[in-house]
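Please keep the structure in view while reading.

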Amino acid sequence: MRVSKYFLPTLKETPSEAQIASHRLMLRAGMVRQEAAGIYSWLPLGFKVLQNIEQIVREEQNRAGAVEMLMPTIQPAELWKESGRYDAYGKEMLRITDRHKREMLYGPTNEEMLTAIFRSYCRSYKELPKMLYHIQWKFRDEVRPRFGVMRGREFLMKDAYSFDVDEAAARRSYNRMFIAYLNTFARMGLKAVPMRAETGPIGGDLSHEFIILADTGESAVFCHKDLVDMPAPGLDVDFDGDLQPLVDERTALYAATEDVHDEAAFMKVSEDKRLSARGIEVGQVFYFGTKYSEPMRANVTLADGSEQPVHMGSYGVGVSRIAGAIIEASHDENGIIWPMAIAPFKVGIINLRQGDDATDAACEEAYAALVEAGLDPLYDDSENRAGAKFSRMDLIGLPWQLIIGPRGLKDGTVEIKERASGERQSLPLDDALNLLRSKNVSAI
Ligand code: 5CA
């Protein structure tokens with residue numbers, strides 16, 4: 001992409017309404033625009049980031065055996081009356097009445113709808129287990145939408161739902177998602193720690209939140225330090241095998257959010273390993289058994305002919321929140337530092353003298369080569385002065401910068417800068433292109 005053809009409305013001024021770094025940087029980098037409290041347009045740069053996050057989530061859901069589908073954003077109130085959550089959900093639910101005076105709502109989550117879908121088609125234990133998911137916009141009329149996309153009212157969520165014959169089988173589904181989440185966040189360059197958590201309006205009594213440690217996080221958390229650096233299981237995990245030992249490894253050490261925190265248990269962790277911190281919740285998994293299947297009569301016939309409500313769990317990832325969370329975890333005073341896997345473009349090409357024939361030609365050559373290599377370059381071909389190009393490239397945080405100017409070209413060299421370390425090196429264009437090609441591997 002060429003900057004001259006793109007839409008990249010970066011801001012010089014720091015927007016006054018933004019309280020935390022990620023919100024400030026998303027506005028300044030021209031990633032999002034607020035349309036109403038907690039409701040955002042995703043401008044082209046932000047949208048690419050959102051799509052990259054979504055794609056990693058999708059790949060890891062598929063790897064774990066979940067099947068993608070798409071449910072609507074608008075739901076009929078009847079479904080929620082069946083489960084008993086229509087009144088219980090309270091003011092967070094955006095309620096809508098259509099022209100025929102039918103009560104509708106903008107879905108805050110989809111347990112009811114998936115339970116209804118399941119009961120329409122599945123009647124026998126032979127069809128189990130099943131795991132379905134979608135990636136769809138949700139609406140929760142939060143009292144205090146804040147921190148930009150981190151606590152929005154409209155936000156993009158991946159939500160998966162599992163159906164199993166009994167609790168032991170449901171536990172296996174829970175474990176699959178638990179492990180898939182560890183890999184998902186690791187691929188995004190995030191260290192997410194699973195912590196025992198409150199179940200809130202979703203229900204059930206087994207739940208973990210996946211939390212990234214950050215000073216600006218909304219939740220207070222307490223955990224064993226070793227959990228923070230424990231490596232992800234890796235993409236070669238056998239999801240059909242026994243995942244319990246991998247889950248046990250994580251759950252044996254103390255980790256809890258403030259809502260379920262047990263001070264006495266925490267004090268048993270040796271003092272040098274005790275970590276009390278703040279964190280951002282990027283995902284949550286729930287096992288709630290028959291909470292929805294029982295009132296909604298989603299039953300399956302067992303081998304002995306008896307009928308039983310199906311055992312369910314649900315598993316959410318805050319896709320749009322993650323865009324903010326990654327920036328919170330990875331930025332400096334000059335701007336965002338994207339991990340390679342999430343970066344909206346992998347390389348930024350800076351032309352130091354637009355209009356100089358040799359410089360323009362070298363930039364064009366580099367651009368074509370990087371497109372060819374699948375590195376999706378962003379070429380700043382604007383008439384801006386070099387200083388403005390540098391600061392904008394730092395602000396939007398592409399992992400690599402390829403800097404090309406007349407002075408270097410005279411000696412036959414260009415410059416490469418790594419955004420994360422700030423390290424720069426001069427080398428011939430061909431070597432620079434080869435080096436960049438060698439960096440084109442996704443994380444993990
Ligand atoms: N039905 C379950 C799991 S599918 C559920 O709704 N879980 S949740 O309430 O924990 O939400 C899942 C994830 O969505 C959270 O972990 C969080 O990352 C994200 N999320 C929740 N509320 C918001 C919000 N207001 N803004 C942005 N992301 C949010």
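The points below are grouped by topic.

The model is a predicted one.

**Packing of α2 and α6**

- Two packed helices are described by the angle between their axes and the distance between the axes.
- For helix α2 (residues 44–63) and helix α6 (residues 167–187), the angle is about 150° and the axes are 9 Å apart.
- Because angles over 145 degrees count as roughly antiparallel, α2 and α6 are described as roughly antiparallel to each other.
- The crossing of α2 and α6 is right-handed.
- On the α2 side, the contact is made by Ile 56, Val 57, Glu 59, Glu 60, Gln 61 and Arg 63; on the α6 side, by Met 177, Ala 180, Tyr 181, Asn 183, Thr 184 and Arg 187.
- By class, the residues of this contact comprise five nonpolar, three polar and four charged.

- Arg 187 and Glu 59 form a salt bridge in which the closest N and O atoms are 2.8 Å apart.
- This pair links distant parts of the chain, with Arg 187 in helix α6 and Glu 59 in helix α2, 128 residues apart.
- Arg 187 has a relative accessible area of 9% and is therefore buried, whereas Glu 59, at 31%, is partly exposed.

- The side chains of Lys 81 and Glu 103 form a salt bridge with an N to O distance of 2.5 Å.

- Lys 138 and Asp 159 meet through their side chains in a salt bridge of 2.7 Å, N to O.
- The two residues lie 21 residues apart, Lys 138 in strand β7 (residues 130–139) and Asp 159 in strand β8 (residues 154–164), and the pair links distant parts of the chain.
- Lys 138 counts as buried, at 1% relative accessibility, and Asp 159 is buried as well, with a relative accessible area of 2%.
- Elsewhere, salt bridges that share partners join Glu 59, Glu 60, Arg 63 and Arg 187 into one network.

**Backbone geometry**

- Most residues other than glycine have a negative phi, and most peptide bonds are trans.
- The peptide bond from Leu 128 to Pro 129 is cis, with omega near -5°.
- Pro 129 is placed in the loop between α5 (111–121) and β7.
- Phe 147 is not a glycine, yet has a positive phi of about 60°.
- Phe 147 is located in the loop between β7 and β8 and counts as buried, at 12% relative accessibility.
- Arg 297, also a residue other than glycine, has a positive phi near 50°.
- The loop between β13 (274–289) and β14 (299–301) contains Arg 297, which counts as exposed, at 64% relative accessibility.

Methods
Residues numbered from 1 in each chain as written. Predicted model: local features only at pLDDT ≥ 70, side-chain atom pairs only at ≥ 80, totals over all residues. Heavy atoms only, no water. Axes fitted to C-alpha atoms, helices over the stretch in contact; angles between N-to-C directions. Helix = DSSP H or I, 4+ residues; strand = E, 2+ residues; numbered from the N terminus. Parallel < 35°, antiparallel > 145°, perpendicular 65-115°, else oblique. Left-handed = near helix turned anticlockwise from the far one by under 90°. Contact = heavy atoms within 4.5 Å. Nonpolar A, V, L, I, M, F, W, Y, C, P; charged D, E, K, R; others polar. Salt bridge = Lys/Arg side-chain N within 4 Å of Asp/Glu carboxyl O. Buried < 20%, exposed > 50% of the residue type's maximum accessible area, 1.4 Å probe, protein only.
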